[in-house]
Structure formats: structure tokens, C-alpha cells
Amino acid sequence: VTGVQTCALPISGYKMEKTLVVDCVLNQLIFGPNPDLTKAFISNIPAEELVRYMSEILKEVLRPTLPGVKISAKIEKFCAILKDNPQWEHGWYVMGTMMSLAPVSDISNDFILSALKDVGTSAEMTAGVIFAAAARIGDWTVPQQQELVAGIANILKNGTVMNQSFIKQALQLLQRYDSGRDALSDILSRSADTVVTAASQIPDIQIPSGLVCGALFVVRACDVPPKGVNSMQLVAAIQNLVSLASGKESAIPAHAVLTLGKISLRDDRVMTRSVGILGRELRTCSNSSVRSNIVVMLCDLVMAYPLRFDQHLIWFSIAARDPDANVRFAAISAISRLLSLDFIKMKLHIFAVLLLAAVGPINQIAALAERTLMEALGSQLNQQLPSMTLNAMFIISGEDLVGVTRSLSVELLGVLVESSHDTRCRALKLAVGHMSEEQKLSFASAVTNEII
């Protein structure tokens, strides 16, 4: 097991030996005659790593399949092993990948339907089977379609598996069939009712968190309004869930933000009513996942309503100074995207946060911020760099000698001030380093005249 791990995991670096390694792993370990060896292999490799590795192999080698390999027989054996070792749920996703890549005639629909009944409450197992079913979309008889739709709808209605990857695949499958569309309408209405009921139970929600999150995902994944549910009542319920305090139900507001944002993209009335809530939660919510999701949705809303968000651009700068690295990365990514697509122009507070982020402790964020600055230098910022740098230094030092901060809010100024002298020096050095010789002279002259 150790020897095969050593040679097999860095598979992307090998070409000639790839088929040999795949044959060894598939035939001797995963599908070998010794179940104990297989279980040892499964337990000694991180599941996520094996899923990634197996998927890479399957996409490159099993299309077409290895000579003499009967995929269906191997899948059935793999399923038998997994039933004996149910805690290794990621294996079912591998199984789904295999089933989707195998020749259509090589796997029976009955086998997929049987697997769908056996998945229980495992999201990974269910997603794998649905993935396999989606790959055979044009090869189902009408009775099999009805059985497939009924099985998927059952799981969605019962809320036993509310994993996003499963829901996405399941909804796409249901939309393909006539009987599935009727089931989808019913599922959407049930999900909307679940969201409204959950909101009415705040602060002590009785419905399981996973079921509420799944219902929110269904609502935002469907482009049609649910039947029998008042749209504004549903929006109000989602807004209430956005404001739900962090704690044991912390996943609910994070999903509610994405759902509210998705509806806002489709309906400007909802956007008008919701933008204030998103801005408030961005500044006050203690849940970093909620704040990160708000930044993502605000970016989409700016692109959908470019003329309505100019006064709210400071929210990205505030988020870029968030204590949580994921929120900061989301904010810098949003700023970079909006600048590159010309939805926003470079403003002084945006330049200041990019400058600080570019000398920050997180390499990924720093690289993105500096790249964004460099791209801006090539277009709208080039001639303004000396004056922008000088004014940004006034802001981040908290010593405004020339009144450049008068147009900025107290809240924004509060997050832009950088207490670390070393960080301010590195930010200044970075900015000056990108100036031409002529700009450096201009900058030195401004420093002499306006500061010294």
C-alpha cells in the first residue's frame, strides 16, 4: 500500500507509467480480491485526495476504458466494499465519476436506480449516484424516468440529504423530464414554506439547520417563483434569516445571504429593499461566512445595477480591512473584478486599501492586490500615482494635513488608518517603486511643499 501510494499520488508528473499505475491501483487495491487490503488502502489515504486523484486518472485513462477492463463489474465490486465500509462516503463520488465516464451500454439503469435507494443519508453517496444518472440522461425508458424522478424528489422532500452538489445535480435532472418538472414545482413550494416557517420561529428555529439551508438553496437555484407562496412574504423571511445571530445555526444566515442576493439580481424591488440589510450585516455580523458571502453578492449586484451602487462602494474597502482573511480576499477579488471590467473607477479609498493589502501578511491577498494595482497603473491610474500615493499616506497614517479625508466617512477612515509604522513604510515603498523617475521627482516635490 505504501509503495503504490508513493508512486501513484503524484500521477500528473508521469506519462509513460500512467496506465501501469492505474491498472495497479484499480485492479490490485480498489478492486482487488483482498478486501482487507482494499480497506487498508482506503483508510490510509485522505478521502479528498483519493477522490481528486481517481477523478484525474479516470478522465484521462478510462475514456475509452483500459483494454479488457469491464467497468460495470469493477463498480459493483467497489459498491460492495463501500457497503462494508460506509464511513468512507467520498468513495461514492468516485463511483459516480466512474459511472459517468464508462460506456453507456456498460452500466444498467437498474443498477443506478438500485444505488439511489441504498444511499441513505449520505450526501456524497447521493451526489455520486445522481452524477452517474445525469451522464445517462438520454438513455432512460419512461418507467425508469418516473422511478428516477420519484427517488430524487423523495430525498429532496424528506430533507435527508441537503448537500449543495446533490441538490444542483438533482434539480438539473428533474428539469429534463415532464414528470420531473411537476415534482420540481412541488419541491420549490415546500422549500419556500420551510424558509417562511423557519423565519417565523426565530430565534429558536425548530427545523434542522441542514433542511433550512437546503431549502434556501432550492429557492435560489430555481428561476421561477414558488406557487402558493407570497413572494414578498418569502423575501421578508429570507431577510430575517440573514439577520439571524451566529451560533449553532450559523450556516443559515450565510445561505440566506446568497439566496437574497440571487433574488435581488432578478428583481430590482427586492434589491432596493435588501441592500441596506446586506450593508448593515457586513459591518455588524460576527459570522465571517456571512460577511464573505455578502461581499460576493454585492459584487454581482454592482454589475447588475452599476448606477445604483456608487455610494455603497465604501463597503468593499471596509471589507478589505476585515479581521478575517477570507472576507479580505473576497473584497480584494471583488474590487479587482469590478475595476478590470470597468464597473467602478479607482477611488482614493480603494487605492489605499489595495496598497495596504499588497503589503499584508497573506501572500495570496497581497499578490492579488499588487496585480490589481499594476493593471490599474497601465490604464486609469498612471498619471495620478504620485498624488494618489501622497493622499493615501495621509489617510492610512491618520495625519491629514491637507484635508483629503473630508469627503470620506468617519467609519471608512476608522478602518483605513494603519497603526503599524512598518506597514506604512512598506506601502509607501511599494507605491514609489512603481513610479517613473519623473513621477518620483514630482512626488518628492509634493512631500517637500505639502509636508515638510
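Biologist: How many of the 452 residues of the chain count as buried, as a percentage?

Modeller: 52% of them do, where buried means under 20% relative accessible area, exposed over 50% and partly exposed in between, with a 1.4 Å probe and protein chains only. Bear in mind that this is a predicted model, in which local features need pLDDT of at least 70, side-chain atom pairs count only at pLDDT 80 or more, and totals for chains, interfaces and linings use all residues. Residues are numbered from 1 along each chain as its sequence is written, and side-chain values use heavy atoms, with hydrogens and water left out.

Biologist: What makes Cys222 and Cys299 buried?

Modeller: Cys222 has a relative accessible area of 3%, so it is buried under the 20% cut-off. Cys299 comes out at 4%, so it counts as buried too. As for disulfides (a pair of cysteine sulfur atoms within 2.5 Å), the structure holds zero.

Biologist: And which secondary structure does the chain have?

Modeller: There are 24 helices and zero strands; helices are DSSP runs of H or I with at least four residues, strands are E runs with at least two, and numbering goes from the N terminus.

Biologist: How do you know that the span of helix 14 agrees with its number of residues?

Modeller: The expected span is 1.5 Å times one less than the number of residues. For the 16 residues of helix 14 (residues 251-266) that should be 22 Å, and the end C-alpha atoms are 24 Å apart, which agrees.

Biologist: Why is helix 14 called largely enclosed?

Modeller: Because twelve of its 16 residues are buried. Among them are Ile252, His255, Leu258 and Ile263.

Biologist: What makes Leu260 buried?

Modeller: Leu260 in helix 14 has a relative accessible area of 0%, so it falls under the 20% cut-off. Leaving aside neighbours within four places in sequence, Leu260 is in contact (heavy atoms within 4.5 Å) with residues including Val235, Gln239, Val270 and Leu278. The C-alpha atoms of Leu260 and Gln239 are separated by 7.0 Å, although the two are 21 residues apart along the chain.

Biologist: Why is helix 13 called roughly parallel to helix 15?

Modeller: The axes of helix 13 (residues 231-242) and helix 15 (residues 268-284) come within 10 Å and cross at roughly 5°. That makes the pair roughly parallel, since angles under 35 degrees count as such, over 145 as roughly antiparallel, 65 to 115 as roughly perpendicular and the rest as oblique. The axes are lines fitted to C-alpha atoms, for helices over the stretch in contact, with angles from 0 to 180 degrees between N-to-C directions.
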